[in-house]
Amino acid sequence: MSPKQMIGEPDPERGTGAEKITPGRFNGHVAIITGAASGIGRATARRMAAEGASVTCLDLSFEGAQASAAEVQADGGTALAVHCDVTDEVSVKKAIAESVAELGRPSIVVNSAGIGGFEHTTEQSMAGWNRMIGVNLTGTFLICRETLPHLLDGGGVIVNVSSTAGVMGQPFSAAYCASKGGVSMMTKALAVEYIDRGVRVNAVAPGGVDTPLVWEFGLPEGAPSKALERIMTPMGFCTPSEVAGAISYLSSDEAAYVSGSILSFDGVLSA
């Protein structure tokens, strides 16, 4: 059973009035955003561009990244689309180098690329485990490692996308929880490591978000209905633009005192 079958179609009016753009907030900044072809990454690229940033849209789907960049450009913003496999060290190095060559030094990095899914732990394949860790955790690490030298040369911000599964247990999600829990703790480790170097590092931990990814999730066969109590967000799913708003805040000077935080964005699920 998929989340869509569990709770029905998302409310088309959900979050339509929540986006409050702050013009000029990121004037002069360059933002690198992974997973920018869809969902949270796409919404974040559009939000930051609307607030003045030049954005690099990284994604394994180059066509998707191009589409997101085209939307930004159509709205009058500056955007670059770059193919990037976040699990591949060489691909990440090339993507960051291309972004720097085209748009200049990044001061904002958003790690939004991610995959997920439910599986009985006893049936979890090594291929599935390695893929989950590779995209969600290793990918975040590689992007952080390759962008940090640029952020340290003038200051900057990293915002990672974790999950409620990165701060609390979730059934049928051993691999996903491990990957997102790793993202949460890596966020804290980097924040402490660079506290005196002008780089802030935070994460946002969404619950259910209305994205193409989440509708691909499905509880495994035989899962008890009670499992939904640990998965479903009490306030319903949020929109990618709402999460983008939280990311924008964490990336801004308004959050200058915020580092090492995991911002729960889950409609009271983890309370």
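**View 1. The second largest pocket and its lining residues.** In this predicted model, 16 residues line the second largest pocket, and His 29, Val 157, Arg 200, Ser 251 and Asp 253 are the ones nearest its centre. A pocket here is an open set of points on a 1 Å grid over the protein atoms alone where a 1.4 Å probe fits, with protein on both sides within 12 Å along at least five of seven lines; lining residues have an atom within 4 Å of a point. The space inside is about 210 Å³, a volume being what probe spheres set on the points fill. By class, the lining has 4 nonpolar, 8 polar and 4 charged residues. Ala, Val, Leu, Ile, Met, Phe, Trp, Tyr, Cys and Pro count as nonpolar, Asp, Glu, Lys and Arg as charged, and the others, Gly among them, as polar.

**View 2. Helix H2 (residues 39-50) against helix H7 (residues 240-251).** Helices are DSSP runs (H or I, at least four residues) numbered from the N terminus; axes are lines fitted to C-alpha atoms over the stretch in contact, with angles from 0 to 180 degrees between N-to-C directions. The crossing is right-handed, meaning that the near helix is turned clockwise from the far one by less than a right angle. On the H2 side, the residues in contact (heavy atoms within 4.5 Å) include Arg 47 and Met 48; on the H7 side they include Ile 247 and Ser 251.

**View 3. Helix H5 (residues 126-152) beside helix H6 (residues 174-193).** Here the axes come within 7 Å and cross at roughly 15°, so H5 and H6 are roughly parallel (under 35 degrees). This crossing is right-handed. Among the residues that meet are Trp 129, Phe 141 and Leu 148 in H5, and Tyr 176, Met 186 and Leu 190 in H6. The contact divides into 14 nonpolar, 4 polar and 1 charged residues.

**View 4. H2 again, now with helix H3 (residues 62-74).** The two pack at an angle of about 25°, their axes 10 Å apart, and are therefore roughly parallel to each other. Arg 42, Ala 45, Arg 46 and Ala 49 of H2 touch Ser 68, Glu 71 and Val 72 of H3. That gives 3 nonpolar, 1 polar and 3 charged residues.

**Notes for all views.** Residues are numbered from 1 along each chain as its sequence is written. Local features need pLDDT of at least 70 and side-chain atom pairs count only at pLDDT 80 or more, while totals for chains, interfaces and linings use all residues, and side-chain values use heavy atoms, leaving out hydrogens and water.

Conventions:
Angles under 35 degrees count as roughly parallel, over 145 as roughly antiparallel, 65 to 115 as roughly perpendicular and the rest as oblique.
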